[in-house]
Amino acid sequence: MSLLLDNNILNRLTQTNVLVGIILLVIGIVLACLAGFITKKVRKVEKINTSDKLYLILKAFALLLVMTALIAMIIQ
């Protein structure tokens, strides 16, 4: 516990696991935001159904990336 309190914010943000976690977090959020756009382009339709398998797979993969990022940032 004291190890976490001894680090300042700059030292914590420059740790490898935190940098990897931040990169995975950004990729996951961008993928979640663009899932509808990607699905529209692949299916070549104007409006997608929210139960489309590709849309759900992209959203689930984005969620997996975000959860992995959070775990990576916590582990020291």
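The largest nonpolar core of this protein has six residues, namely Leu31, Ala35, Ile48, Tyr55, Leu58 and Ala62. Helix 3 and helix 4 (53-74) are the elements that give two or more residues to this core, and helix 4 supplies the largest share, three residues. A nonpolar core here is a set of buried Ala, Val, Leu, Ile, Met, Phe, Trp, Tyr and Cys residues joined through side-chain atoms within 4.5 Å. Buried means under 20% relative accessible area, exposed means over 50%, and partly exposed lies in between (1.4 Å probe, protein chains only).

This is a predicted model, in which local features need pLDDT of at least 70 and side-chain atom pairs count only at pLDDT 80 or more, while totals for chains, interfaces and linings use all residues. Residues are numbered from 1 along each chain as its sequence is written, and side-chain values use heavy atoms, with hydrogens and water left out.

**Overall form**

- The protein has four helices and zero strands, and the pattern along the sequence is α-α-α-α.
- Helices (H or I, at least four residues) and strands (E, at least two) are DSSP runs, numbered from the N terminus.
- The C-alpha trace spans about 55 × 15 × 15 Å along its principal axes.
- The radius of gyration of the protein is 17 Å, whereas a compact globule of 76 residues would have one near 11 Å.
- That radius is taken over C-alpha atoms, and the globule rule is 2.2 Å times the number of residues to the power 0.38.
- Of the 76 residues in the protein, 25% are buried.
- Among contacts between residues at least 6 apart in sequence, 60% join residues at least 24 apart; contact means heavy atoms within 4.5 Å.

**Residues in and around the core**

- Leu31, a core residue, is found in helix 3 and counts as buried at 17% relative accessibility.
- Not counting residues up to four places away in sequence, Leu31 touches Ile38, Leu58, Phe61 and Ala62.
- Leu31 and Leu13 are 18 residues apart along the chain, and their C-alpha atoms are separated by 23 Å.
- Ile48, also listed in the core, is in contact with Gly36, Thr39, Lys40 and Tyr55 when neighbours within four places in sequence are left aside.
- Thr39 lies in helix 3 (residues 16-43) and is buried, with a relative accessible area of 0%.
- Leaving aside neighbours within four places in sequence, Thr39 is in contact with Ile48, Asp52, Leu54, Tyr55 and Leu58.

**Surface**

- The protein exposes about 5,800 Å², and carbon and sulfur atoms supply 73% of this area.
- Accessible areas come from the Shrake-Rupley method with a 1.4 Å probe; for residues, only the protein chains shown count as cover.
- A nonpolar surface patch is formed by Ile9, Leu10, Leu13, Ile22, Val26, Val30, Leu34 and Phe37, which together have about 740 Å² of accessible area.
- Helix 2 (9-13) and helix 3 are the elements that give two or more residues to the nonpolar patch.
- Helix 3 gives the most to the patch, with five residues; Phe37 is found in helix 3.
- Patches are made of residues with over 30% relative accessible area and no salt bridge, with like charges joined within 9 Å and nonpolar side chains (Val, Leu, Ile, Met, Phe, Trp, Tyr) within 5 Å.

**Salt bridge**

- A salt bridge is a side-chain nitrogen of Lys or Arg within 4 Å of a carboxyl oxygen of Asp or Glu, and by this rule the count comes to one.
- Arg43 forms a salt bridge with Asp52, and their closest N and O atoms are 3.1 Å apart.
- Arg43 counts as partly exposed at 40% relative accessibility, whereas Asp52 is buried, with a relative accessible area of 15%.

**The loop between helix 3 and helix 4**

- Lys44 is placed in the loop between helix 3 and helix 4 and is exposed, with a relative accessible area of 72%.
- Most residues other than glycine have a negative phi.
- Lys44 has a positive phi of about 55° although it is not a glycine.
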